[in-house]
Amino acid sequence: MATLYQHQIRKKLEMITKSACQPFVSWSGIVPSIAPVYLFKLGETSSFSERFYWSDRSNEVVYAGIGCTYVIDEEGDGPRFSIIEEKWHDFLNMTEVHGEEEKATPVLFGGFSFDPLKKKTDKWTHFSNAKFIVPTVLLSLKKDCAMITITVPSKNNQSMLEEIDRLLGLLYTKSFHQTPSLPRCVTYEEIRTDEWIHAVRQIIDGIQQGSFDKVVLAREVRLQFDGQLTPSAVLEHLCEQQPFSYLFAFEQAGSCFIGASPEQLVKKEEHTFYSTCLAGSIRRGRTSSEDESLGQVLLQDEKNLHEHRFVVEMIRQAMQDVCEDVKISPEPQLLKMRDIQHLYTPVIGKSDSRVSLLSVVERLHPTPALGGAPKEKALEMIREAEPLDRGWYAAPIGWMNAMGDGEFAVAIRSGLLQGNEAFLFAGCGVVGDSEPFSEYEETNVKLKPMLSALGVKQDER
């Protein structure tokens, strides 16, 4: 970063913290444009142990954050969505906001576990049932405008300011932008696959007997590498390979949850809510004609259309409960990602100012695309039969600002990186005419994005 910008930011922070009357201050300013992934990479040499990354599917909004000035952590199984919202408002009331841009505010980033009633395993220790952070240094890129937001305590912040100064000094240093190579995968282990196949059969029987309509069952694979996994290297591969996905990374104390999701849960812009019905999938073709043919098969496949209708009706109802006007396409479209294509139906709703983003997140999670239908019965079945702890997999992850706007994606096509290990997750919707081996193969297709980002080819498994 140019020395002038670095010096100006340091002076500005010192001035506003000295005169602050609140416990926290937040300052935002426009800086020379740079890819936010470079700030994320700086976390590997920083004294800060937390960092995050977010990019929406159009790459119009990209965030990278380093450090944690304020954390909201809820481990219980109570009203976690409203607790996060309440504590976020508490923080904003304790913060003086300064900025060069009228709408510049601190941003809260984090996520939720899929099911707070599921027993937690050790690998998810650092990921609470709800955990959100206000980053110390936030770099945002919106329509090619780059902005730095720095949020710090107003007192006893000297060491933090010095580390911020060092980070900003490195941000525009070209030598730091080299991507580290990924280690080699030496072990690929499918976790409890026989149990998973048995559970699929059990669920099919239950559906045929009328116990429920659909249950989404996830499975897990574990990979070991011959060296330490670097989250920034995996993230850069995802940026290259999955540019039209929601890209996210959330790192806590050396554990990084990372992924490239095709699925929006909900976005809020003032009084407008946007959501996506995404259910039903098939692989991409090796040629354009094969790809088109597979897409037409998906559009006419009754099993996948049946799954998709569950999601459409649930999201339609949830949006109509809080919105005066809801628009939804009558027929699904195709959403084509690099390795897989989905049935896709967009939804738009208009509401008043009393409806908050997190209240809609709560209504929508989990959609039938990730849980099943009816919701509570499906969740009970997943809790009982699924041979893994999903943790944050398939749960809401995203951000919101001080105006109440923000966006959450569904954290699928994801994995947890810890040292030289990676745990990857994939699920499928089980309905009455499902076939266990076909569902197993569908999960293999859904593992491809993360395997590719880790440098693991399908034939090397």
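**Backbone geometry, helix packing and nonpolar cores**

P366 is located in the loop that runs between helix 9 (357-364) and strand 19 (372-373), where helices (H or I, at least four residues) and strands (E, at least two) are DSSP runs numbered from the N terminus. The structure is a predicted model, in which local features need pLDDT of at least 70 and side-chain atom pairs count only at pLDDT 80 or more, while totals for chains, interfaces and linings use all residues. Residues are numbered from 1 along each chain as its sequence is written, and side-chain values use heavy atoms, with hydrogens and water left out.

Most residues other than glycine have a negative phi, and most peptide bonds are trans. The bond from H365 to P366, however, is cis, with omega near -15°, and a cis peptide bond with omega of about -10° also joins A373 and P374. P374 lies in the loop between strand 19 and helix 10 (375-385). A positive phi of about 65° is found at N59, which is not a glycine and which is placed in the loop between strand 2 (50-55) and strand 3 (61-66). N156, likewise a residue other than glycine, has a positive phi near 50° and belongs to the loop between strand 9 (145-153) and helix 4 (158-171). Residues are termed buried under 20% relative accessible area, exposed over 50% and partly exposed in between (1.4 Å probe, protein chains only); N59, at 38%, is therefore partly exposed, whereas N156, at 82%, is exposed.

In helix 9, the buried residues are L357, L358, V360, V361 and L364. These residues cover an arc of only 155° around the axis, so they are on the same side of helix 9, the arc being that of the directions from the helix axis to the C-beta atoms.

Two packed helices are described by the angle between their axes and the distance between the axes. Axes are lines fitted to C-alpha atoms, for helices over the stretch in contact, and angles run from 0 to 180 degrees between N-to-C directions; those under 35 degrees count as roughly parallel, over 145 as roughly antiparallel, 65 to 115 as roughly perpendicular and the rest as oblique. Helix 6 (residues 231-241) and helix 11 (residues 436-453) pack at about 125°, with axes 8 Å apart, and are therefore oblique to each other. V234, H237, L238 and Q241 of helix 6 meet P449, M450, S452 and A453 of helix 11, where contact means heavy atoms within 4.5 Å.

V200, in helix 5 (residues 193-208), is buried, with a relative accessible area of 0%. Residues up to four places away in sequence not being counted, V200 touches L217, V430, P436 and E439.

A nonpolar core is a set of buried Ala, Val, Leu, Ile, Met, Phe, Trp, Tyr and Cys residues joined through side-chain atoms within 4.5 Å. The largest such core has 85 residues, of which I84 and F257 touch the most other members. Apart from this core lies another of 55 residues, including L223, L247, L417 and L451. When neighbours within four places in sequence are left aside, the contacts of F257 include W124, F127, F248, W392, Y393, I397 and L416.
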